[in-house]
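I opened the model to look up how its parts pack. My notes follow.

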Amino acid sequence: MGNDMYSVEQVADLLDLHVRTVRGYIRSGRLRAVRIGKQYRIAPADLDALLGRPQPPPAAVTTLEVSSIVQLDGVDRAAADRLATLVLAGVNTHRAGAGPLRVQTVHDEERQRMKIVLIGDARETAEVLHLLDAVLTDGNGLLAGEAHGG
């Protein structure tokens with residue numbers, strides 16, 4: 001049964017039913033149909049549902065999730081706060097087609113070390129990593145004059 005839509009008459013022929021019976025199924029909601037002009041059209045999947053045929057499983061959706069930990073040494077509390085704000089603002093600026101991204105920042109005052117944990121969409125993670133790279137390698141960036149590494 002191809003991907004074309006069936007007419008009421010075709011469904012009646014296929015099921016060996018009267019056309020009025022098929023229209024009754026449609027009116028009662030037992031058979032889903034789309035009305036185009038004065039005619040109904042029935043999708044093959046809707047006909048299968050009426051007949052109790054198993055539906056094919058939905059197409060598998062491939063997901064790609066990335067986990068990244070960025071470690072920065074030589075970061076004081078003020079710089080860590082600025083960097084965390086920048087990263088979170090970048091992540092919360094939603095772009096069309098962007099997948100979810102979870103971010104956690106941790107600062108170890110004693111070791112002057114910051115870790116940024118990114119979990120989620122690969123493209124979004126790459127954007128954040130590019131942002132961090134630009135900020136940290138720019139001589140006038142958030143950490144200007146401070147030691148930093150990765």
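I began with helix H4 (residues 77-92), which lies across E4, E5 and E6 and runs at about 180 degrees to E5. I took helices (H or I, at least four residues) and strands (E, at least two) as DSSP runs, numbered from the N terminus. Axes are lines fitted to C-alpha atoms, for helices over the stretch in contact, and angles run from 0 to 180 degrees between N-to-C directions. Contact here means heavy atoms within 4.5 Å.

This is a predicted model: local features need pLDDT of at least 70, side-chain atom pairs count only at pLDDT 80 or more, and totals for chains, interfaces and linings use all residues. Residues are numbered from 1 along each chain as its sequence is written, and side-chain values use heavy atoms, with hydrogens and water left out.

Next I checked helix H5 (residues 122-137). H5 also lies across E4, E5 and E6, at about 150 degrees to E6.

Then the sheet. In what order do the three strands sit? I read E4-E6-E5, an open sheet with antiparallel pairing. Two strands pair if DSSP finds at least two bridges between them. Strand E4 (65-73) and strand E5 (101-108) are the edges, each pairing on one side only. Neighbouring strands are turned by 10 degrees against each other on average, direction ignored. I found nine bridges joining E4 to strand E6 (residues 113-121). Glu 65 has Asp 121 in E6 as its bridge partner.

I turned to the nonpolar cores. Such a core is a set of buried Ala, Val, Leu, Ile, Met, Phe, Trp, Tyr and Cys residues joined through side-chain atoms within 4.5 Å. Buried means under 20% relative accessible area, exposed over 50%, partly exposed in between (1.4 Å probe, protein chains only). The largest core has 17 residues; Leu 72, Leu 83, Met 114, Ile 116, Val 128 and Leu 132 have the most contacts inside it. E4, H4, E6 and H5 each give two or more residues to this core. H4 supplies the largest share, six residues.

I followed Leu 132. Leaving aside neighbours within four places in sequence, Leu 132 touches Val 70, Leu 83, Val 87 and Ile 116. A second, separate core has 12 residues, including Val 11 and Tyr 25.

Last, I looked at His 107, in strand E5. Why does His 107 count as buried? Because its relative accessibility is 13%. A polar atom of the His 107 side chain lies 2.6 Å from the backbone oxygen of Val 75. Beyond four places in sequence, the contacts of His 107 include Asp 76, Ala 80 and Met 114.

How values were computed: Polar contact = N/O pair within 3.5 Å; in protein donor to acceptor, adjacent residues only side chain to side chain.
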